[in-house]
Amino acid sequence: MAASASPSSAALALLVALLLLAGWASAANQTQGFRPGDELRRYRRVQALLRRLNKPALRTIQARAPDGDLIDCVAAHLQPAFDHPRLRGHRPLDPPVRPKGHHHCRPNDTAGAGAQLWAASGESCPEGSVPIRRTTEADVLRASSVRRFGRAPAARVRRDSVAGGHEHAVGYVAGDEYYGAKASINVWAPKVSTASEFSLSQIWVIAGSFGNDLNTIEAGWQVSPQLYGDNSPRFFTYWTTDAYQTTGCYNLLCSGFIQTNSRIAMGAAISPTSAYNAGQFDISLLVWKDPNHGNWWLEFGSGELVGYWPSLLFSHLASHASMVQFGGEVVNTRASGSHTATQMGSGHFAGEGFGRASYFRNLEVVDWDNSLVPLAAGFHVTADHPNCYDIQGGVNAVWGNYFYYGGPGRNVRCT
């Protein structure tokens with residue numbers, strides 16, 4: 001005969017559940033009155049999202065402080081990418097042909113899995129699994145809404161004018177057909193003034209117009225307190241096919257990007273980072289279109305293939321890119337009524353040079369023949385507000401095309 005719970009134990013369980021819900025609602029709605037119906041619906045949406053994102057783990061690894069992330073080792077065929085209706089039943093592809101002229105990184109790269117704090121413990125994910133940073137309830141509650149969790153605000157790519165509070169200092173090439181891009185990006189931990197702002201340094205691979213059909217693939221590092229809950233620089237990716245409206249997301253926070261690597265976790269903290277007048281560290285990133293299958297692959301550090309964006313995700317990028325952009329971006333919410341003090345790069349202007357200003361070096365693009373080539377004469381650098389964040393480019397025999405960029409944000413010339 002099956003045992004049944006006593007009335008007192010059932011009542012106690014119900015009371016505990018109600019107390020948990022009330023506590024969750026209080027944290028989620030500190031500035032508003034408690035509305036049980038609304039909060040219960042939101043609570044259920046959050047829990048449904050967490051169930052969708054956090055797949056069953058073969059192993060869980062706790063990252064060391066100050067990171068503290070939980071990294072779940074998820075069977076590769078169960079990763080979020082395969083929730084996409086057009087990817088169900090697929091399996092990760094074998095490694096592609098790398099571009100001709102590709103060479104591995106130089107000694108000061110923070111290369112490979114050793115660049116991530118979670119891997120410092122020596123633990124790793126088993127073969128056939130991929131490491132995925134676990135999404136927590138607190139992560140979701142920091143977002144502007146459950147629906148927008150893991151998605152970027154609009155106006156993420158520089159146009160002729162600043163929109164949505166996004167400010168850039170970038171170099172770019174346009175007007176040709178591009179099949180990839182490569183750069184080594186200096187890693188810092190810039191200060192971010194408010195939780196709703198961020199500071200990032202990345203590569204953009206772009207196609208389409210700057211209207212609703214914009215396609216982008218993006219990779220780099222970012223400091224985003226709202227997304228990650230701290231101020232650590234983290235390796236990230238992004239994609240969109242409709243100008244950041246309803247498609248795409250950061251990292252693996254939606255279905256799309258297919259991860260093939262068991263050593264690199266997207267969204268995980270990078271270590272070490274650079275320091276003013278001290279050691280300088282960078283990460284090398286390569287994004288390119290596999291000429292055999294047409295998918296866009298990502299390499300991190302010294303030869304670590306992370307995974308790929310299937311070409312079927314895209315409209316314009318299904319064939320090629322029409323623009324490649326490198327550089328920094330911040331969000332300026334003007335929360336205090338003046339320009340933000342959120343830093344870009346190292347927080348110092350380009351003119352301070354090596355060891356003080358942040359840099360991109362060895363900038364290259366992939367051409368129609370799957371060859372890495374130096375940037376053509378049409379490479380331009382520009383800054384939206386050079387009194388706040390600026391950029392200076394150059395060419396030499398060791399770094400090829402490079403630039404210094406960044407700044408402190410608010411100062412006597414930037415208010």
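I began with Asp-139 and looked up its contacts beyond the neighbours within four places in sequence: they are Arg-133, Arg-134, Phe-149, Gln-226, Leu-227 and Tyr-228. A reminder to myself: this is a predicted model.

Next I checked where Asp-139 sits, and found it in helix α3, which covers residues 137-142. Is Asp-139 buried or exposed? Asp-139 counts as buried because its relative accessibility is 3%, and the cut-off for buried is under 20%. I also looked for a polar partner: the side chain of Asp-139 makes a polar contact with the side chain of Arg-142, at 2.4 Å.

Then I turned to empty space inside the protein. Rolling a probe the size of a water molecule over the atoms shows where such space is left. How many cavities of 30 Å³ or more are there? I noted two. The largest cavity holds about 150 Å³ of space.

I went on to its lining, which has 13 residues. Nearest the centre of the largest cavity lie Arg-133, Thr-135, Asn-251, Leu-253 and Met-266. Arg-133 was already in my notes as a contact of Asp-139. Strand β3 (129-133) and helix α4 (225-228) each supply at least two of the lining residues.

Last, I stepped back to the whole protein. I noted four helices and 18 strands, and 53% of the 415 residues count as buried. Among contacts with a separation of 6 or more, 73% join residues 24 or more positions apart. The accessible surface comes to about 17,400 Å², with 54% of it belonging to carbon and sulfur atoms.

Technical notes
Residues are numbered from 1 along each chain as its sequence is written. This is a predicted model: local features need pLDDT of at least 70, side-chain atom pairs count only at pLDDT 80 or more; totals for chains, interfaces and linings use all residues. Side-chain values use heavy atoms; hydrogens and water are left out. On a 1 Å grid over the protein atoms alone, a cavity is a set of points where a 1.4 Å probe fits but cannot get out, and a pocket is an open set with protein on both sides within 12 Å along at least five of seven lines; lining residues have an atom within 4 Å of a point. Grid points are joined across faces, edges and corners, and a volume is the space filled by probe spheres set on the points. Buried means under 20% relative accessible area, exposed over 50%, partly exposed in between (1.4 Å probe, protein chains only). Contact means heavy atoms within 4.5 Å. Accessible areas come from the Shrake-Rupley method with a 1.4 Å probe; for residues, only the protein chains shown count as cover. A polar contact is a pair of N or O atoms within 3.5 Å; within protein, one must be able to donate a hydrogen and the other to accept it, and residues adjacent in sequence count only if both atoms are side-chain atoms.
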